[in-house]
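Please look through the model shown below.

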Amino acid sequence: MTFLITCPNCGPREALEFSYGGEITRRAGPGSSSAELTGYLFFRENANGWQTEWWLHRDGCRMWFLAERHTFTNEIRRTYPPGSEPPVDAQAPEGAA
Amino acid sequence: MIAATRRSPIARLSASLGASVETEAGWEIAAHYGDEAAERALLRDLVAVADVTPRGKIDLRGEIDGGVLTAAGEVLTARMWDGWALLLTEPGGEEAVLDRADAAAGPRAMATDVTHLFAGLALAGPKLEDALARLTSWDPSTLAPGSATGASIGDVRAVLVRRDIGIPVLEAYVATEFARYAWETVLGVVRRLGGGPAGWRALRAEGWS
Amino acid sequence: MSGRLPARPGEAIDRGRPLTIDFEGRRAPAFEGDTVGSALAAAGVTITGRSFKYHRPRGLMCMTGACPNCLMQIDGIPNVRSCTEPVREGMRVERQNAWPSVDRDVHGVLDSFSFMMPPGFYYKVFQRPRWAWSKVEPIIRKQAGLGKVPRTEDHEPREVVNLHADVAVIGGGLAGLAAAAEAAAAGASTVLLEQRREAGGRALGSADDVDRARLVAEAEASGARILLGTAAFGVFDGPVVAAVGGGGLQRIRARHLVFATGAVEQPAVFPNNDLPGVMLSSAVELLVNRFRVLPGRRAVVLTSNQDGYRAARTLRDAGADVFVVDLRAGAGSADGLRVIPGSTILSAKGRRGVTAVSVGAPGSATGQSIPCDLVVLAGFSAPSTNLLAMTGAKLGFDDDAQAFLPVELPPDVHAVGAVAGARTVQGAIAQGRLAGLEAAAAVGQEPPGAAGRMEVLRAQAAERGDPVVLPPEVATGEGKQFACLCMDVTSKELKAAAAEGFDSMELLKRYTTVSMGPCQGKACMLSAQRLCARAAGSSFAETRPTTARPPWTPVELGALAGWRRTPRKETTIHDLHADSGATFMWAGDWRRPHHFATPEQEVEAVRHRVGVIDVSTLGKFRVKGPEAVELLERLYPNRFGDLAVGRVRYGAMLNDEGVILDDGAVCRVGDDEFFVTVTTGNTAALERWITWWLADWRLDVRVLNVTGAFAALNLAGPDSRKVMSVLTDADVSSEAVKYMSASSFEVAGVPSLVLRIGFVGELGYEIHFPSMYGEHVWRAVMEAGRPFGIVPFGLEAQRVLRLEKQHILVGQDTDAESDPFEVGLGWMVKADKPDFLGRRALEDLAEAGPKERLVGFTCDPSWLPPEGASVVHEGVWVGRVTSARRSAAARSVVGLAWVPAGWAEDDTEIEIQFGGAHAKAKVALKPFYDPEGARLRS
């Protein structure tokens, strides 16, 4: 875990400064089937390749952001705050007011 | 009822090191540790650490525009990123700054008095980088004087502000609950490099405020 | 071999500063500048230790720290490389791995039983009869290992130092010095790591110091930070180079890495090649030129290039009788030396040291015997590519070098000098300079004229030197031929293992342990690869070295442990608790008072008078903004829109599985502002949870973790109102400050938020105020409470008090599967809200109904069941106890336990078991104390 992550605010920092937030998921809200709920809660793509995932700059600016990381090489090709292009609306609860 | 004084969590540790205490703006501060001249020498030639917890701190988060910052006044501003800034004042100065910031903030930003949320340590002296090398894997050369960032010091996260005054100075603000641990850890490293604690008098005499 | 040669300029020893060391109880003389190895050699000590498995005598071989022969116990520390360890006055030196002494080692008899101990013998021998292994294994285990672990405790923590640089050069030989000098002079911040205490690498042994001295001076003047005595042991992602030195661990992060790790001379493989007196030319040059010790009077030098002739001249000029055995047929006599061309060493003879060698054409069965006391193996080097390989660099076989050299490097990695295949001094230096300039240019530092210089250097750097001829394998001969000196693996054993099927390097390594010893392949990988290739019928070129992994050099566990920092949290009232004699405990990473007097006394005081506990550790959040209600209603199953300003509501956050994450109090302090408290231990996780959802929902609300900003005291007991009226001028009557209210007024002159909630089940006030007034307010509370007999109470008393009220502790009474319906919190789930975390899962859970329930129980006070005790029914496990304490108020043991849902009825009998003890208990659904909650609401 000594690779570097480029925080969108603070620049390149050691991975140890960050907390990992997991793959992005699509939330199964009200109206989902049991299968969809189970998939959302317990299954992940777990790709060997590029993965979009959440990171928190815990020891730095404390902002949550997204990263595209290659799960085999740990190369990170992009980091960006949520809400940037392309839109990442993976977790908005459906039907919320 | 005895008038309420505010005490840094590090106060008793300072006292055991021989700190001489003065009151300022309702705070107990460590004025010196018995030999102000020796402390100034440490600051100029080696490295020293001072407890600057009594400084006023205001947290600003949300949509912080130039207007809020201007309204806050002439205040040391640690702009962590667009959505978060920490304003730092002399002891007792936080109330006035909070009033102004609050008034200018509007519904999309929040100003909070966080004077009690952080303990503060000022690390100063030519051996500052040697001390930091033993406290963190963060690269201090990436922080220019006058700037601020967050990084871990002694394995606890800290808000760092670089303020050089002829000698390099780094102010580190850690969560209050870690104050004593952070002081012991930083002082230990400083001591192993030949330095020691410094009081407010010595620090101010060297040009810090 | 004893005594010193006459003084010469450039010698390492300072004859004006003699000292003595203690060698196995005898005093041995030495000079400042000696290593333990050189001092012992000067004193005539030829056996430096006994080998790992067969306990064969071994002597100095490399003098550079690459082989295991000289490992000794120094000042109690085992396995110190005496050949490079500087002497100190009075240091205690002992040889290892022998009994009763190295000179007369009883275990040497194992050498004769080696036929019973091939690699992996412990998998085969002593397996039948079955009882044999259990008798023999402890003996084998005791035999294994080198050195004795010191029994005294070592409390010296080691520093971890983080260094940052543009360029890090690993290896301070000529190529490394050149690279560091150029990079630093060009303006790149540069660090040079060199494991020995002096820079120069191979050049340290040469008779002529000119190149070395010049480059050292240039590197020192360039501004590069030179770390001597600092050995890199691993390269990690980043890249981060980890090294030991300077009293601890050095952690170097650089943008470019230049590997100048050099090459290690390899011993040739022939019968009895491990005898004391068989040395590498590096050892001979260092001993003669730097330490002024002549290692033998009659020497035979085996070589195939200039290195051997240089070593031969050095020995001859120092007074030894020398033969040169040149593998090449075309070599004639050089410089008056006696040369035997086209020949190799067929075997060595001797018992405690070499006494003769047999020399002949490769492949001959017999040869001419030459008496000697020193055999020098010169010029067969293996590039030290391990650290380089850790960067992901690819290696390929080079015919001229007869070795695997780097062929594909990552963009920010350079390899220079012997490790890259340079076999001449000028070639190595040119490569170093070129890499230094290239690395500096890559980080933006290109001084004028650099491009031109790089062109010139490129041509010089291509110079490789003479091709390498490796000594051939010796097929027959009496005596063991050692491929791996660390682990005592012979060529015959390697071949036998390959024949058994372990015919690739990775398998061979794991089965025979070759290259797994202290040298990690430095002195044996080349031989092992060649033997493996031969045995497997493939070529050397096809037999890749094994995967390189850290540590490349042995590292003390203490260095890896570092300073052992344990961040701890303390409240601002901590010192006063200590003054009051509190007994502290760890609650997560907080230090908290477990009790002050005794938990029983404290419970009694709270129930009958008044007590105060420091609950500053509670997690606290300020939540403010136009969508504050929206945020809370999404995070909690509760409704908060209808919570009036000045009121408090108990809520429990769920995750999308419907599982309880945490519980706490939500207070509305303004139209769009809330003050939320959460369980101490969950604060960090909940901050991440809340801010994560906020990052995605992007609601118009701000959240700030204000945990440390507020100290909090819970003042509780029937007399607590009386104490409060002393502390404040505000109206604290039950009408003014109602149960479940949040009021703002001054307490002890400090502006506070006062919540009337009752975790411990008594009339009580949770007072939140700015934390650095902590000592002031605590003292005021204790003073105000004195007439009422106030006592401070700790966590243990709090646990009893809350248990008597059946107030659950999330994480103690609930686990990673507990949903609100199972623990009696179904009332807070407002299913008519459009959405909240857990809503979908709760639909299914509500429909299915809970399978188990958390219930209270009472049982006979003669036995206190521990947490985790089983609830059983007819011998079958059906549940467990989560909390249990003796309760004075209930006059029995009370607790909480999980039981099957059908049993959740008052007075149902259950049986609790733990270890051999068991007891009958009764389910009790209502709190054991004040079940209607009258005291709370008074």
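A residue is called buried if 20 or more other C-beta atoms lie within 10 Å of its own, exposed if 12 or fewer do, and partly exposed in between, with C-beta atoms placed from the backbone. The model is predicted: local features need pLDDT of at least 70, side-chain atom pairs count only at pLDDT 80 or more, and totals for chains, interfaces and linings use all residues. Residues are numbered from 1 along each chain as its sequence is written, while chains are lettered from A and ligands numbered from 1 in the order in which they are written.

Is Ala628(C) buried or exposed? Ala628(C) counts as buried because it has 24 C-beta neighbours inside 10 Å. Ala628(C) sits in helix α17 of chain C, residues 628-635; helices (H or I, at least four residues) and strands (E, at least two) are DSSP runs, numbered from the N terminus. Leaving aside residues up to four places away in sequence, Ala628(C) touches Val623(C), Asp672(C), Glu673(C), Phe674(C) and Val701(C). Contact here means that the C-beta atoms of two residues, placed from the backbone, lie within 7 Å. Between Ala628(C) and Gly824(C) there are 27 Å in space, C-alpha to C-alpha, and a separation of 196 residues in sequence.

Elsewhere in chain C, two helices pack together. Two packed helices are described by the angle between their axes and the distance between the axes. The axes of α4(C) (residues 174-186) and α9(C) (residues 425-442) come within 7 Å and cross at roughly 30°; axes are lines fitted to C-alpha atoms, for helices over the stretch in contact, and angles run from 0 to 180 degrees between N-to-C directions. That angle makes α4(C) roughly parallel to α9(C), since angles under 35 degrees count as roughly parallel, over 145 as roughly antiparallel, 65 to 115 as roughly perpendicular and the rest as oblique. The crossing of α4(C) and α9(C) is right-handed, that is, the near helix is turned clockwise from the far one by less than a right angle, anticlockwise being left-handed. Among the residues that meet are Leu174(C), Leu177(C) and Glu182(C) in α4(C), and Val425(C), Ile429(C) and Arg433(C) in α9(C). The contact of α4(C) with α9(C) comprises 16 nonpolar, four polar and two charged residues. Ala, Val, Leu, Ile, Met, Phe, Trp, Tyr, Cys and Pro count as nonpolar, Asp, Glu, Lys and Arg as charged, and the others, Gly among them, as polar.

Chain C is assigned domain 1 (14-106), domain 2 (159-264 + 383-461), domain 3 (267-379), domain 4 (482-559), domain 5 (574-793) and domain 6 (803-924), with bounds from an automatic or database domain assignment. The C-alpha centres of domains 3 and 4 of chain C lie 26 Å apart. Four residues of domain 3 of chain C contact six residues of domain 4 of chain C.

Chain C also meets chain B, with 33 residues of chain C in contact with 35 residues of chain B. On the chain C side, β8(C) gives the largest share, five residues. By class, that side has 13 nonpolar, eight polar and twelve charged residues.

Chain A has one helix and six strands, in the order β-β-β-α-β-β-β from the N terminus. Of its 97 residues, 30% are buried. Its contact with chain C takes 24 residues from chain A and 20 residues from chain C. The largest share of the chain A side, three residues, comes from α1(A). That side divides into 14 nonpolar, ten polar and no charged residues.
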